[in-house]
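Thanks for coming, everyone. Let me put the model on the screen, and then we'll walk through a few parts of it.

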Amino acid sequence: MKNTYNLRSIAAKAITQVLDQGQSLSTVLPKLQQNITDKDKSLLQEFSFGVLRVLPQLEWIIIQLMAKPLKGKQRTIHYLLMVGIYQLAYTRIPAHAALAETVNGVVTLKYPQLKGLINGVLRQFQRQQLQLIEHSQSHSSYHLHPEWLSTRIQKAYPQEWQQLINVNNQKPPMWLRVNRIYHSRDEYLTLLHKAGIDAEPAIELPFAIRVISPCPVAILPGFDKGWVTVQDVSAQGCAELLQPINGEKILDLCAAPGGKTTHLLEIAPESQVLAVDIDGQRLKRVEENLRRLNCHATVKIGDGRYPEYWAENQQFDRILLDAPCSATGVIRRHPDIKWLRREEDIAQLVQLQSEIIDAIWPYLKKGGTLVYATCSILPDENSQQINAFLKRHPDAELSGPDTREAPGKQIIPELTGGDGFFYARLIKR
């Protein structure tokens with residue numbers, strides 16, 4: 001049965017909402033995916049994420065092919081054109097189908113008068129594709145990052161910056177966390193292989209598995225029963241580093257969407273976990289994850305800067321603070337970050353992180369453990385943040401992991417490895 005929607009026009013709307021309205025894809029896509037098939041949901045993600053991953057290249061190509069860019073109310077057609085070029089350059093969709101469906105998208109978006117223009121530009125791209133792609137790769141924007149971010153990455157990682165930026169521009173690997181309550185990792189690897197899913201264990205973490213070719217979660221054995229969770233291997237390090245113990249009171253602060261909350265409860269199922277986040281909508285995801293994994297935590301909405309309003313004078317044995325950050329370590333998973341984040345955001349985030357960790361420190365018991373974590377690769381938010389905290393709090397002691405150069409452990413994204421992440425474990429004297 002033929003679909004009644006045009007997927008290319010939906011992708012163009014998603015990109016419009018990101019670039020022109022400042023919304024994230026993780027907010028935009030669920031709403032746009034409500035009435036489309038599962039297969040098309042994946043394709044919509046491919047178009048939307050793909051265009052944002054190589055956005056400067058597509059902009060450069062369009063400038064070469066058009067005398068005047070489409071502006072104002074026609075801006076969505078400009079993004080539709082990007083979707084068309086992306087399909088021709090980066091997917092295996094037959095060229096005739098990509099072209100026809102993109103041109104049909106112009107009609108769906110109620111600009112039928114532009115059909116000829118879009119058809120002509122796409123056909124022109126087809127004729128010049130090899131030359132345009134080659135020339136775009138030598139253009140200054142081919143880092144596919146905004147200049148301010150490229151500059152910061154170069155400064156922080158003078159030796160590795162090119163490799164790091166290249167990894168950011170790739171599709172991310174798929175990592176799983178095996179629920180140790182049900183299976184050992186080897187047992188679950190056997191289940192995956194029986195299901196025809198090729199996978200390999202991580203070296204550094206005991207319950208992490210990389211799926212060689214990413215697949216829908218619905219085909220993962222026992223996913224609906226809570227046997228396994230999709231979670232990047234670097235993110236899995238947070239709960240492992242906190243080392244929760246049964247019977248303890250544990251706070252997961254900035255907890256949404258709940259991957260780390262459930263991980264804590266897999267390690268210590270009889271611990272008392274309080275999951276707090278400022279975003280009520282995202283807290284619903286925490287509750288969904290708790291239900292799927294059949295585990296229990298107390299879930300509260302709250303601002304980490306003001307624990308007096310939600311902590312009820314509790315003292316915690318352990319605190320996991322997954323602090324709000326620039327998310328510059330997960331750009332390959334969320335390429336919209338490159339275009340939504342601004343340089344001035346970094347100082348504001350550093351201030352917010354500082355306020356949260358200072359506010360929550362009094363709620364940690366003496367002898368207790370706090371793990372500070374971000375999915376950032378910028379030193380301002382990570383090693384420099386922890387250095388400043390240690391100077392302000394003489395009762396805080398760093399307990400690894402650390403390097404000789406700076407406190408904490410900085411992970412940078414690797415092609416088949418984990419995302420960019422930072423951890424520091426602090427003990428209260």
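Start with Asp-303. This is a predicted model, so keep that in mind throughout. Asp-303 sits in the loop between strand 7 and strand 8, the latter running over residues 316–322. Is Asp-303 buried or exposed? Its relative accessible area is 17%. The cut-off for buried is under 20%, so Asp-303 counts as buried. What does Asp-303 touch, leaving aside neighbours within four places in sequence? Ile-278 and Trp-310. There is also a polar contact: the side chains of Asp-303 and Arg-305 are joined at 2.7 Å.

Why pick that residue? UniProt, in an unreviewed entry, lists Asp-303 under "binding site".

Take Ala-255 next. Ala-255 lies in the loop between strand 5, residues 249–253, and helix 12. Ala-255 is buried, with a relative accessible area of 5%. Not counting residues up to four places away in sequence, Ala-255 touches Thr-261, Ala-275, Val-276, Asp-277 and Val-286.

Val-286 takes us to helix 13. Val-286 is one of the buried residues of that helix, along with Leu-283, Asn-289, Leu-290 and Arg-292. What do they pack against? Strand 4 (228–230), helix 12 (259–267), strand 6 (272–277) and strand 7 (298–301).

Now a check on length. Helix 13 has 13 residues, 280–292. At 1.5 Å a residue, the helix should span 18 Å. Its end C-alpha atoms are 19 Å apart, which agrees.

Look at both ends. At the start of helix 13, a side-chain oxygen of Asp-279 comes to within 3.0 Å of the backbone nitrogen of Gln-281. Just after the helix, Asn-294 has a positive phi of about 55°.

Last topic: the cores. The largest nonpolar core has 50 residues. Which members touch the most others? Val-51, Ile-61, Leu-81, Ile-85 and Phe-125. Helices 1 through 7 each supply at least two residues of this core. Helix 5 gives the largest share, 9 residues.

Zoom in on Phe-125. Setting aside residues up to four places away in sequence, Phe-125 touches Ile-61, Leu-65, Ile-85, Leu-88, Ala-89, Leu-132 and Ile-133.

There is a second, separate core of 39 residues. Among its members are Ile-165, Ala-256, Ile-337 and Ile-412.

How values were computed:
Residues numbered from 1 in each chain as written. Predicted model: local features only at pLDDT ≥ 70, side-chain atom pairs only at ≥ 80, totals over all residues. Heavy atoms only, no water. Core = buried A, V, L, I, M, F, W, Y, C linked by side-chain atoms within 4.5 Å. Buried < 20%, exposed > 50% of the residue type's maximum accessible area, 1.4 Å probe, protein only. Helix = DSSP H or I, 4+ residues; strand = E, 2+ residues; numbered from the N terminus. Contact = heavy atoms within 4.5 Å. Expected span 1.5 Å × (residues − 1). Polar contact = N/O pair within 3.5 Å; in protein donor to acceptor, adjacent residues only side chain to side chain. UniProt positions renumbered as here; feature names shortened; annotations may be inferred.
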